[in-house]
Amino acid sequence: MSTGTRLAGWAFAGPALIVIALFFAVPVLAALALSLTDFDIYALSDLDNLRFVGIDNYVNLLHEPLFWKALGNTFYFVIVGVPLSIAVSLGAALLLQSKLGRFKPFFRTAFFAPVVTTVVAVAVIWRYLFHTKYGLVNWGLGGIGIDPIDWLGDPQWAMPTIILFAVWKNFGYNMIIFIAGLQAIPEDLYEAARIDGASFWGQFRHVTLPLLGPVLLLVGILTMAGYFQLFAEPYVMTQGGPLESTVSVLYLMYEQGFKWWNLGAASAVAFVLFVLMAGITSGLLWFARRRGAE
Amino acid sequence: MNQRIATLVINGLLIGLAVLSLMPLLWMLSVSLMQPGEASAFPPPLLPAHATFENYHELFARAGMGRYLANSFAIASATTLLSLFFNVMAGYAFAKLQFAGKEKVFALLLAALVIPGQVAMMPLFLMLKEMGLVNTYGGAIVPGMAGIFGIFLVRQYARTLPDELLEAARIDGASEFRIFWQIVLPALKPILVTLAIFSFLGSWNDFMWPLIVLGDSDLHTLPVALASLSREHVQDNELMMAGSVVTVLPVLLLFLSLQRYYLQGLLMGSVKG
């Protein structure tokens, strides 16, 4: 290989790397520095007002009840939402893989359609679907004798409603990955299980699930990372309310940073979220590796 | 007999799930064609009594929807073109060209995938403010220009190109640029389409960054405009549904027409993530 191609390599990769360095790597490092300052609206107008405060932003965060509330809400969303989404995705993938199903291309497209839609636009639809008085959901529930529920106005119901929304919007994405994973499982294994007299449930538990392990791990990590970034849904559907029951970590970051212009404190929030996500991801990987080794 | 019950159950579940998936979207379309106020009734009407385009007219004539639609198109198109330019070249370089530090840089890029983009937002905002890019299309385009995911996607595909093809061209004395332009680009066409859809949809559907960087309402994209409209017009369900249709329809049509490429890319992007 000549020096020509060597130079060519940098020439081709260079522009993208410069853009990523300038608009991603540098800001990430700067965010770490920013989170150690008291950058606020005064510093925004005059940098002389900027002071280094060490880890004060992080300490303040730990003493801030709203931060714990936001963290709790985000964990609620992730811990309930991720398994539920994955279960629905897997169920849909199994249905689409069944030899007994008809019109599969149509169903696959139908299930996937919500994925490509715009969160803000469909959140507006859901806000109306779950309207206490005029919503289709309460009307349907009324038909089976259930009293109207104030879905988005009741602190107990607001987050579950947002979780349902997220499941509806996202399950098609993982479904596609699961379908590919299911197709990679050799048919003979099911054949052998059937000869051994395994029921549908037995086949699922002893053939499908173990062989789908790596795919499940991947899907779990990707979905979790996405769900930790909850923002647009509460912004449109509940504005964080009622009683701050849907304030997420990113919602808090947005309000701190771009409503109150406390950019230092907002950077600290972002870093805490990043560390949490990285920690949980490595935990999951560690857990999977240990199980795989045994 | 058992087989027949199973067939019934599976197809029943498929239909049920399809109804749940499509119902909200179909209802959106139906309500968007109702007279103002018609949908605020109990029980909620499923179909408009007299279909009307009144709401769409109102949106474009008075709420400035045309402007937002144009903003969204401009920003998503520019992002897509730039993303193609940067990511395709880099993806090809990481797949097929040798250069010092290549493996290390690539490993670093993959590791950086775990950093959520929001971490960069505060400093990026200050940087763009210094550069005079806050409240401009440019500011909204910047974060989507080059991306690790895009580079990864192109690299995965470009690795399947036969080396002999490139070597033969080099022996014939073709320059690296000419090889890229005349041999590599045509061979990468399917992944170009895939990357283009991903970039366009990503930019069109993005909410948080445009919300931050486009303070001026004349520059708002559809999601940002829709979010602020929905805060003003809480009661105007028909109008809001029409706004949602205008926002969702272009990307839904894009997806339906290029579905094969989109799903292929989704699978490639998540294999060995």
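At what angle do helix 6 (residues 119-129) of chain A and helix 12 (residues 222-232) of chain B pack, and how far apart are their axes? The legends below begin with that pair, in what is a predicted model.

**View 1. Helix 6 of chain A packs with helix 12 of chain B.** Here is the reply to our opening question: the angle is about 25°, and the axes lie 8 Å apart. Angles under 35 degrees count as roughly parallel, so helix 6 of chain A and helix 12 of chain B are roughly parallel to each other. Look for V120(A), A121(A) and V124(A) on helix 6 of chain A, which meet P223(B), L226(B), A227(B) and S230(B) on helix 12 of chain B. Sorted by class, this helix contact has 6 nonpolar residues, 1 polar residue and no charged residues.

**View 2. Chain B meets chain A.** Stepping back to the whole interface, 76 residues of chain B are in contact with 76 residues of chain A. On the chain B side, helix 1 (residues 2-32) gives the most, with 15 residues. That side of chain B has 59 nonpolar, 15 polar and 2 charged residues.

View 3. To find P242(A), follow chain A into the loop between helix 12 (232-237) and helix 13 (249-259).

**View 4. Q239(A) and E244(A) have positive phi values.** Most residues other than glycine have a negative phi. Q239(A), which is not a glycine, has a positive phi of about 50°, and E244(A), also not a glycine, has one of about 60°. Q239(A) sits in the loop between helix 12 and helix 13 of chain A, and E244(A) is placed in the loop between those helices too.

**View 5. Chain B is built with 14 helices and 0 strands.** The C-alpha trace of chain B spans about 75 × 70 × 35 Å along its principal axes. Its radius of gyration is 23 Å, while a compact globule of 273 residues would have one near 19 Å. Buried residues make up 43% of chain B. Among chain B contacts between residues at least 6 apart in sequence, 76% join residues at least 24 apart.

Note on methods:
Residues numbered from 1 in each chain as written. Chains lettered and ligands numbered in written order. Predicted model: local features only at pLDDT ≥ 70, side-chain atom pairs only at ≥ 80, totals over all residues. Helix = DSSP H or I, 4+ residues; strand = E, 2+ residues; numbered from the N terminus. Contact = placed C-beta atoms within 7 Å. Nonpolar A, V, L, I, M, F, W, Y, C, P; charged D, E, K, R; others polar. Axes fitted to C-alpha atoms, helices over the stretch in contact; angles between N-to-C directions. Parallel < 35°, antiparallel > 145°, perpendicular 65-115°, else oblique. Rg over C-alpha atoms; globule rule 2.2 N^0.38 Å. Buried ≥ 20, exposed ≤ 12 C-beta atoms within 10 Å, placed from the backbone.
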